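Please read them with the structure open.

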Amino acid sequence: CGSAVIALTAHVALGDEKAPSWATFSLPNAADAGLVWFLVALYCVGILSGQLLLAAGYAVLPAWFASILALTELSFSWSLDVFVLREPTNALACSGTLVIF
């Protein structure tokens, strides 16, 4: 949700011609606006719920085990990004993930 606010602010402040590529977007038309905002709200609620459940789970674990699980988040998200979503990567990203893990 914070990223959407930053992108919207950059879009409004800079306009389409000067905005960075990540900040350019078009707002949905009136027919789809309700569905889009519902999905954005559902996404935010889901992410918040997941983070709260993760924190509750970490509260009952020993610190050493919770820290190991926290470090696996980066490698798990990198693996999903590369192997499932087929995002291009480079040697620096691979080595950075390995160094942190």
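1. In this predicted model, the axes of helix α3 (residues 63-84) and helix α4 (residues 91-100) come within 9 Å and cross at roughly 155°. Since angles over 145 degrees count as roughly antiparallel, α3 and α4 are therefore described as roughly antiparallel to each other. The crossing in which α3 passes α4 is left-handed.

2. As for the residues that make this contact, α3 contributes Leu 71, Leu 74, Ser 75 and Trp 78, while α4 contributes Ala 93, Cys 94, Thr 97 and Ile 100. By residue class, the contact of α3 with α4 consists of six nonpolar and two polar residues, with no charged residue taking part.

3. Ala 70 also lies in helix α3, and its relative accessible area of 35% makes this residue partly exposed, because that class covers values between 20% and 50%. Ala 70 and Tyr 58 are separated by twelve residues in sequence, and their C-alpha atoms are 9.2 Å apart in space.

4. Turning to the protein as a whole, there are four helices and zero strands, so that the pattern read along the sequence is α-α-α-α. Among contacts with a separation of 6 or more, 19% are accounted for by residues 24 or more positions apart.

5. On the matter of surface, 11% of the 101 residues of the protein count as buried. The accessible surface of the protein comes to about 7900 Å², and carbon and sulfur atoms hold 74% of that area.

Technical notes:
Residues numbered from 1 in each chain as written. Predicted model: local features only at pLDDT ≥ 70, side-chain atom pairs only at ≥ 80, totals over all residues. Heavy atoms only, no water. Axes fitted to C-alpha atoms, helices over the stretch in contact; angles between N-to-C directions. Helix = DSSP H or I, 4+ residues; strand = E, 2+ residues; numbered from the N terminus. Parallel < 35°, antiparallel > 145°, perpendicular 65-115°, else oblique. Left-handed = near helix turned anticlockwise from the far one by under 90°. Contact = heavy atoms within 4.5 Å. Nonpolar A, V, L, I, M, F, W, Y, C, P; charged D, E, K, R; others polar. Buried < 20%, exposed > 50% of the residue type's maximum accessible area, 1.4 Å probe, protein only. Areas by Shrake-Rupley, 256 points an atom, 1.4 Å probe, with all protein chains shown as cover.
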